[in-house]
Amino acid sequence: MSEVCVRLAGEADRPVAERLWLMFCHDMSGFQGRLPNADGTFRSDRLHAAFTDPDRAPYLVTYGEHPVGLATVRGLGGPVRVLSGFFVVRGARRTGIGLRAVREVLARYPGAWEVAFQDVNVTAVRFWRRVASEIAGEAWKEEPRPVPDRPDLPPDRWISFTVPEPAHPDEDQY
């Protein structure tokens, strides 16, 4: 797994991030009942904001030369950060890449975090509970919250936990 790289995405990475975002939205459409726009794309304002809003950040995950995932973070200037998007391509799932990537993103911003997912996405339920347990032990909580502007959908599940400061600031904690 030494070939896994998680890095802040720059403007030059935007086309790759947009293609990964399209795959992410396609995966999520099965859980959220969303259909593509007339041009075959999905809503991408959250990804655009990750590249332009100073309170947000986009991350690209690569395995060797292959882009295999992305993460978007919001709330960088606030008391709670939100992992507002996280995606790993199907061919890289269940390999440990996703767990390593999310741990690296979270470790960059110690403090309070929240992550949302859908109950019907059984794989995500297991994954995010595992992430919370590995990072925070038993000190995490999970609660349902309504999906904004979508009363037709069941509530999202939100996990909240705290990423500790590294014991040695110059070391990776995970």
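Predicted model: local features only at pLDDT ≥ 70, side-chain atom pairs only at ≥ 80, totals over all residues.
Q: OK, how many helices and strands does the chain have?
A: Four helices and seven strands. Those are DSSP runs numbered from the N terminus, with helices being H or I of at least four residues and strands being E of at least two.

Q: And what pattern do they follow along the sequence?
A: It reads β-α-α-β-β-β-α-β-α-β-β.

Q: How much of the chain is buried?
A: Buried residues come to 43% of the 174 in the chain. Buried means under 20% relative accessible area, exposed means over 50%, and partly exposed is in between, using a 1.4 Å probe and protein chains only.

Q: What share of the contacts is between residues 24 or more positions apart?
A: 58%, taken over contacts with a separation of 6 or more. A contact here means heavy atoms within 4.5 Å.

Q: Let's look at α3 and α4. How do their axes cross?
A: The axes of α3 (residues 97-107) and α4 (residues 122-136) come within 11 Å and cross at roughly 50°. That makes α3 oblique to α4. The axes are lines fitted to C-alpha atoms, for helices over the stretch in contact, and angles run from 0 to 180 degrees between N-to-C directions. Under 35 degrees counts as roughly parallel, over 145 as roughly antiparallel, 65 to 115 as roughly perpendicular, and the rest as oblique.

Q: Which residues make that contact?
A: From α3 you have Gly98, Leu99, Val102, Arg103 and Leu106, and from α4 there are Phe127, Trp128, Arg130, Val131, Glu134 and Ile135. By type, they divide into seven nonpolar, one polar and three charged. Ala, Val, Leu, Ile, Met, Phe, Trp, Tyr, Cys and Pro count as nonpolar, Asp, Glu, Lys and Arg as charged, and the others, Gly among them, as polar.

Q: Switching topic: how many salt bridges are there?
A: Twelve. The criterion is a side-chain nitrogen of Lys or Arg within 4 Å of a carboxyl oxygen of Asp or Glu.

Q: What does Glu114 pair with?
A: Its side chain meets Arg145 in a salt bridge, 2.8 Å from N to O. Glu114 lies in β5 (residues 111-117) and Arg145 in β6 (residues 141-145), so the pair ties together parts that are 31 residues apart in sequence. Glu114 is buried at 17% relative accessible area, while Arg145 is partly exposed at 21%.

Q: What else does Arg145 bridge to?
A: Glu143, with the closest N and O atoms 2.9 Å apart. Glu143 is partly exposed, at 26% relative accessibility.

Q: And Asp119, which residue does it bridge to?
A: Arg157, where the closest N and O atoms are 3.6 Å apart. Asp119 sits in the loop between β5 and α4 and Arg157 in β7 (residues 156-163), so they link parts of the chain 38 residues apart. 

Q: Are those two buried or partly exposed?
A: Asp119 is partly exposed, with a relative accessible area of 41%, and Arg157 is buried at 18%. Salt bridges that share partners join Asp119, Arg129, Glu142 and Arg157 into one network.

Q: Backbone next. What is phi of Arg94?
A: Near 65°, a positive value in a residue other than glycine. Most residues other than glycine have a negative phi. Arg94 lies in the loop between β4 (80-88) and α3, and it is exposed at 77% relative accessible area.

Q: And where is Asp149?
A: In the loop between β6 and β7. Asp149 also has a positive phi, about 60°, and is exposed at 78%.

Q: Last one: what does Ala17 touch?
A: Leaving aside neighbours within four places in sequence, Ala17 is in contact with Leu47, Phe51 and Leu70. Ala17 is in α1 (residues 14-32) and is buried, with a relative accessible area of 4%.

Technical notes
Residues numbered from 1 in each chain as written. Heavy atoms only, no water.
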